[in-house]
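Please read its numbered points alongside the model.

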Amino acid sequence: MPSTDTPTPTNRYAELTWPEVAEWAARDPVLVIPVATLEDHGHHLPIDTDVVIAETLAERAVDARPGTAVLLPTVTHGYTPHHMDFPGPITIGWKTFVDHLVDIGRSVLHHGFRRILFVNGHGSNVPLVDMASRLIMLEERDAIAATFWYLSSPASAELLAATRSSPSPGGMAHACELETSLYLAIRPGLVQMEKAVREIPDWESDHAWMDWSDGPLSVKGQWSGWTESGVIGDATAATAEKGRMWLERAVEEICEYIDDMAGRRPRPGRDHHHPAAVSGNTREDGI
Ligand SMILES: [Zn+2]
């Protein structure tokens, strides 16, 4: 837990001086890093939808956990080659993207931090942010790095199921009731609701569909192969009121993860190839 002897410096990493960075590192906080992408979100939402949502959720959660969490600048660009048929997306090669995230992790670990929580706001980043988190922990045994797809915890899934009006499953995936509602709750002036549409593909399958949680069989390919407008879902069902409810739940979810990460102990493991392992010694006292 952080010391209460001295006032806590700002919880915005980029606004710290270097001595303040060192102070924060000594307090062992959870570093919260929003990760997103710029991509088409129908005719009615800005291409920064994933960025704005991930950043807002992360900001609010970090502010709700003073002294425990620090917010890093958002990783704006992610992996979205499947959206390039639509004007706007900027995509980073998958390996470059993973390397970029691992380098961010390496850098902050070098400065003495050890807890990293990636707040991911873009579905196709999921396996890659997960891979980056795993690589960080494998490379630095005392590190604790994790990621999640927002509003996917059991409690959040339950709330979404009970309050959405879009058909389920397969009716709420992108620029949909959920993302449009969240954006309406954050920056209503940038949502062109008169251009919102309902477009839900015929999934032709009981196994493969896209929703906030996808079907068990993953079949992706080009986004333009599934939708004409870029929307997958029913954006016309979105309201700011739903957005505020879901936003509040999403922030609670992140706060729970921050608490989890703050209390978690490192699990460095040990290499059983070394003879010391046979006698039960740790690497430190056995080598
Ligand atoms: Zn999105």
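1. In which helix is the place of Ser-133? Ser-133 belongs to helix 4, where helices (H or I, at least four residues) and strands (E, at least two) are DSSP runs, numbered from the N terminus. With 3% relative accessibility, Ser-133 counts as buried; the term buried means under 20% relative accessible area, exposed means over 50%, and partly exposed lies in between (1.4 Å probe, protein chains only). Neighbours within four places in sequence aside, Ser-133 is in contact (heavy atoms within 4.5 Å) with Phe-118, Ala-145, Ala-146 and Thr-147.

2. On the basis of the values: this is a predicted model, in which local features need pLDDT of at least 70 and side-chain atom pairs count only at pLDDT 80 or more, while totals for chains, interfaces and linings use all residues. Residues are numbered from 1 along each chain as its sequence is written, and side-chain values use heavy atoms, with hydrogens and water left out.

3. Strand 3 deserves attention. Of the 6 residues of strand 3 (residues 115-120), 6 are buried, so the strand is largely enclosed by the rest of the structure.

4. The neighbours of strand 3 are as follows. Strand 1 (residues 30-35) runs parallel to strand 3 and is joined to it by 6 bridges; two strands count as paired if DSSP finds at least two bridges between them. Within this pairing, Asn-120 of strand 3 stands opposite Val-35. Strand 4 (residues 144-149) also pairs with strand 3 in the parallel sense, over 6 bridges, and Ile-144 in strand 4 is the bridge partner of Arg-115.

5. Strand 3, helix 4 and strand 4 together make a right-handed β-α-β unit. Right-handed here means that, with the strands pointing away from the viewer, the path from the first strand over the helix to the second runs clockwise. Helix 4 (residues 126-139) also holds both Asp-130 and Arg-134, 4 residues apart, about one turn of the helix. These two residues form a salt bridge, with 3.9 Å between the closest N and O atoms. Asp-130 counts as partly exposed, at 33% relative accessibility.

6. How many salt bridges does a search of the whole structure find? The search finds 16, a salt bridge being a side-chain nitrogen of Lys or Arg within 4 Å of a carboxyl oxygen of Asp or Glu. One of them joins the side chains of Arg-12 and Asp-63 at 2.8 Å, N to O. Arg-12 lies in the segment before helix 1 (18-27) and Asp-63 in helix 2 (residues 49-63), so this pair ties together parts 51 residues apart in sequence. Asp-63 is partly exposed, at 42% relative accessibility.

7. The salt bridge between Glu-177 and Lys-242 has an N to O distance of 2.7 Å. It links distant parts of the chain, with Glu-177 in helix 6 (residues 177-186) and Lys-242 in helix 7 (residues 240-263), 65 residues apart. Both Glu-177 and Lys-242 are buried. Helix 6 itself is mostly covered, 10 of its 10 residues being buried. The cover over the buried residues of helix 6 includes helix 2, helix 5 (154-163), strand 5, strand 7 and helix 7.

8. A further sheet is open, with 3 strands in the order 5-7-6 and antiparallel pairing. Strand 5 (172-174) and strand 6 (198-199) stand at its edges with a single partner strand each, so one side of each is left without a neighbour in the sheet. Strand 5 pairs with strand 7 (residues 232-234) in the antiparallel sense over 2 bridges, and His-174 stands opposite Ile-232 in strand 7.

9. The aromatic pairs come to 6, where rings of Phe, Tyr and Trp (its six-membered ring) pair if their centres lie within 6.5 Å, and planes under 30 degrees apart count as stacked, over 60 as edge-to-face and the rest as tilted. The rings of Tyr-150 and Trp-212 have centres 5.3 Å apart and planes at 65 degrees, so this pair is edge-to-face. Both Tyr-150 and Trp-212 are buried, and Trp-149, Tyr-150 and Trp-212 form one aromatic cluster.
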